[in-house]
Amino acid sequence: MELQIFKAAWGMSGTLEDQLQTIAQAGYDGVEMAVGQPQDGPKFQQLLERYKLRFIGMIFVQGLDVTSQAADFRRQLAAAAQWHPVKLTVHSGRDCFTLDDSCRFYESALEAQQTVTFPVAHETHRGRAFFTPWTTAAVLERLPELELCCDFSHWVCVCESLLDPYEEAVRTAIEHVQHIHGRVGYEEGPQTPDPSAPEYAVQLARHEQWWDSMFAHQKSLGRELVTFTPEFGPPGYMHTLPHTNQPVANLWDVCLWMAARARQRFAAHFAQ
């Protein structure tokens, strides 16, 4: 089993080629970013080949109701296919959907996903259908074919806890992981300023327990490839100094530290 680590383009500056070159030189295996316009796809593929990077796409489904969300998902999924991602991360559904609404949307999504050859991972994200452990588990119970991009930093924030009361629902989500967003949240926010800081050691350890379980589950399925993105973000995810908007930590360094730590931990426990 191999771990591949992707760098989110979120928060990076410069031209697309500058970003991809920087990502490749830092030793990442690929880039994760929003799918662009269809006409830009061929040039993007050339840049990926030039810098020997893989691509995980992202789409953000819009719509106030199930019907509009389902239509937008189908449209964006077809557009994403033209960019040839190895996987696709999706922000989907709405936190105000009822369980029946969510299941109607994801039934339609699963049908649409049959038209593509790459895995589709719906993210556990605030504001979306999978914004809590219990809403996620309820949908997965009805639709066990769904796969997730697991980012439990959102749940830590929403639940104001390290999720101890929700262990069964967390285990259910882990059993559906397809891709991991490796950001460390804390009880009052979705992103610690710097996960290496000792004051966040407890939160880091808890997230690493979850990631270990995700790695182990994928190994039990016989998967040859596990994907992980240390998806820390710029201001306003990153804390800033009052009156200056200056970030309190270097985003590039934070992501690189998290990537190196994930590689080391994976190699110690799972790289066999």
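This is a predicted model: local features need pLDDT of at least 70, side-chain atom pairs count only at pLDDT 80 or more; totals for chains, interfaces and linings use all residues.
Q: How many residues does helix α9 have, and what span does it reach from its first C-alpha to its last?
A: Helix α9 covers residues 251–269, which is 19 residues. It reaches 27 Å from first to last C-alpha, close to the 27 Å expected at 1.5 Å a residue. At its start, a side-chain oxygen of N250 comes to within 3.1 Å of the backbone nitrogen of W252.

Q: Which residues of α9 are buried, and where do they fall when the helix is seen down its axis?
A: Burial is read from relative accessible area, with buried meaning under 20% and exposed meaning over 50%. The buried residues in α9 are L251, V254, C255, M258, A259, A262 and F266. Seen down the helix axis, the buried residues of α9 fall within an arc of 130 degrees, so they line one face. The face turned away from that buried side carries Q264 and A268, which are exposed.

Q: What do the buried residues of α9 pack against?
A: Their packing partners are β1 (2–8), α8 (201–220) and β8 (225–229).

Q: Which residues touch the most other members of the largest nonpolar core?
A: In soluble globular proteins, nonpolar side chains tend to be buried together. Here the largest nonpolar core has 73 residues, and V31, F73, Y106, F152, M214 and F215 touch the most other members. Helix α9 supplies the largest share of this core, 7 residues. For V31, leaving aside neighbours within four places in sequence, the contacts include F6, L20, I23, F44, L48 and I56. Contacts of V31 also include the charged residues K7 and R54.

Q: How many salt bridges does a search of the whole structure find, and how far apart are the closest N and O atoms of R104 and D101?
A: The search finds 13 salt bridges. In the one between R104 and D101, the closest N and O atoms are 3.2 Å apart. Both residues belong to helix α4 (residues 99–113), where being 3 residues apart separates them by about one helical turn. R104 is partly exposed at 45% relative accessible area, and D101 is partly exposed at 22%.

Q: What parts of the chain does the pair E147 and R223 tie together?
A: The closest N and O atoms of this salt bridge are 2.8 Å apart. E147 lies in the loop between α5 (133–142) and β6 (148–150), and R223 in the loop between α8 and β8, so the pair ties together parts 76 residues apart in sequence. E147 is partly exposed, at 23%, and R223 is partly exposed, at 22%.

Q: Are R183 and D151 buried or exposed?
A: R183 is buried, with a relative accessible area of 1%, and D151 is buried, at 0%. Their side chains meet in a salt bridge of 3.1 Å, N to O. The pair links distant parts of the chain, 32 residues apart: R183 in the loop between β7 (177–181) and α8, and D151 in the loop between β6 and α6 (152–159). Elsewhere, salt bridges that share partners join E208, D212, R261 and R265 into one network.

Note on methods:
Residues are numbered from 1 along each chain as its sequence is written. Side-chain values use heavy atoms; hydrogens and water are left out. Helices (H or I, at least four residues) and strands (E, at least two) are DSSP runs, numbered from the N terminus. The expected span of a helix is 1.5 Å times one less than its number of residues. Buried means under 20% relative accessible area, exposed over 50%, partly exposed in between (1.4 Å probe, protein chains only). The arc is that of the directions from the helix axis to the C-beta atoms. Contact means heavy atoms within 4.5 Å. A polar contact is a pair of N or O atoms within 3.5 Å; within protein, one must be able to donate a hydrogen and the other to accept it, and residues adjacent in sequence count only if both atoms are side-chain atoms. A nonpolar core is a set of buried Ala, Val, Leu, Ile, Met, Phe, Trp, Tyr and Cys residues joined through side-chain atoms within 4.5 Å. A salt bridge is a side-chain nitrogen of Lys or Arg within 4 Å of a carboxyl oxygen of Asp or Glu.
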